[in-house]
Amino acid sequence: MEKKRQKEKQTNVVSFIPTGDYYYKKSIQAMNSGQMDKAYKYLQRAVDLSPDDPMILLQLAIVELEGQGFEEAYDLLRRAYQLDPNEPEIIFYMAEVSGCVGIIQDAKRFAEQYLDMEPDGAYADEAAEILEFVAFEQDDYEELEGSGEDLYRQEQARRCMEKGDFPEAINILEQLVEDRPEFWSAYNNLALAYFYVGEAEQAKAILNTVLRENKGNLHALCNLTVIAYYEKNDEELNALLEVLVKIQPYAWDHRYKLGATLALIGQYEIAFKWLRSMQKRGYLGDPGFYFWLSHAAYFSGYDEIAKSAWEQLIELDPEKEGFEPWRQQENTYELDALEHDRDYIVEKLQSNYVSDRLFGLFLLNRTAHKQEIIAHPKWIDVDQFGAFEKLFLAYGLGHQFDDKNKVEASFLRAVRVPEILLEHYGKLTTLVAPMFQMWFVLCEHALNQNYRFTNPAAIAGANDYLFRSSRMLKVTKKEIAEQYGVSVSTLSKYIEELLMFLPTN
């Protein structure tokens, strides 16, 4: 009898395994109580457990949309639409998200489809607004090439490039151009991806193919111009510039591309003409638009427009603080100042010696060419950097270090030494550059031995003294001690300490 009861008890036990629907319902409850963070987590769990439920995918996509996660929302809605292409709510949100990611033709198609299905539906007014928006946009944009599927794949590649995954972007775009041999924007993006991985010749070959098959393709011309500028191929650059200045683009994306390219290569007045024409007509740009508009305006003499554009940029991308064009202009030294010699800095950055690269990264914080050097795909290879180089790169990019952290505090004292030397000499010339080079050799060895750099002023003076002595220049410890505000005994102490870090071979 006891065994029978146990058997009945076992058969009546229900094993609780949460499903996607369970977490979906919990997400709705969380939304209703205003707990959006919880709702988002529940929906993510629901999608993990029920990846083929279109309504769960839709709900998570709506949350992503509200949080400005347009690309994530597009991916989710696209999956939902493939699972249920006849659900009106999914179709409406496909129209909404397509407009958000810039696939205008799909925004129009889905909005029309929704209104055909539900002319008096819950989203009818919003769908009509989308069609009005599309009609307005199409006054200024040429019809987009490629289908929605093509544009989606190109968007995937663009996101890969933004994350630095250029090989994956190349794979996507290679397949796309094979499937769509006349999808010229995909070719242009493929060329850029090759350029970013250092395959400049392959990039140029692709762009020249575009120009042969699609004569006058503005994006290809601009991309070739940028490559010629970075390669310092003045003959090709001038030939391309002669073509660009004659172009009179109508479409906004063409004006943007032309204006940004001309600003990059220093043709500010023509760049300002095209970028400003867009702003006057109500164009609401991305951070890149305001960055180049500000530069073009400032160097064309329109200070107020430049500052207004920069304010709009900072609202969109606060990390650009410190890159103002007028700050570069104010900090410009004499022509013989090596901190403003782009080629000198690039040579240091691409050296086989760590000390040279540390020197180049230090100068990155001071050069007027900072933005240009950072933007170049080959000049800074973070993947090859060691821990100290990454610290100097962070310094060069203006990172705020924590002086309460022992490692970071020690690094700040180390970098303070060349700062003091530069303050003392006013600028970096060919005469004093070897002294700085010597410091970075010593610095590399000192960092490897966990040296604490406790007195940067005394260390700067010791480095100066050792350098002058090695060049047989007439100098006394008393003289150097006075110049750097330390005692002779303190200077002597740090001279002895630095001597320990001189390379032995």
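**A walk through the predicted model**

Let's start with cysteines: a search of the whole structure turns up 0 disulfides, a disulfide being a pair of cysteine sulfur atoms within 2.5 Å. C222 is buried, with a relative accessible area of 0%, and C443 is buried too, with a relative accessible area of 0%. Buried here means under 20% relative accessible area, exposed means over 50%, and partly exposed is in between (1.4 Å probe, protein chains only).

Some ground rules before going on. This is a predicted model, where local features need pLDDT of at least 70 and side-chain atom pairs count only at pLDDT 80 or more, while totals for chains, interfaces and linings use all residues. Residues are numbered from 1 along each chain as its sequence is written, and side-chain values use heavy atoms, leaving out hydrogens and water.

How confident is the predictor? pLDDT is its confidence in each residue, from 0 to 100. The protein chain has a mean of 83, and 91% of its residues reach 70 or more. A contact means heavy atoms within 4.5 Å. As for the element names, helices (H or I, at least four residues) and strands (E, at least two) are DSSP runs, numbered from the N terminus.

Now have a look at helix α12, residues 200-213. Its 14 residues reach 20 Å from first C-alpha to last, close to the 20 Å expected at 1.5 Å a residue; that expected span is 1.5 Å times one less than the number of residues. Buried in α12 are A200, A203, K204, I206, L207, V210 and L211. They cover an arc of only 160 degrees around the axis, so they sit on the same side of α12; the arc is that of the directions from the helix axis to the C-beta atoms. What covers these buried residues includes α11 (184-196) and α13 (218-230). The face turned away from the buried side carries the exposed residues E201, R212 and E213.

Last stop: E419, in helix α24 (residues 406-425). Is E419 buried or exposed? E419 is buried, with a relative accessible area of 15%. Not counting residues up to four places away in sequence, E419 touches F362, R366 and Y395. With Y395 there is a side chain to side chain polar contact at 2.7 Å. A polar contact is a pair of N or O atoms within 3.5 Å; within protein, one must be able to donate a hydrogen and the other to accept it, and residues adjacent in sequence count only if both atoms are side-chain atoms.

How values were computed
pLDDT is the predictor's confidence in each residue, from 0 to 100.
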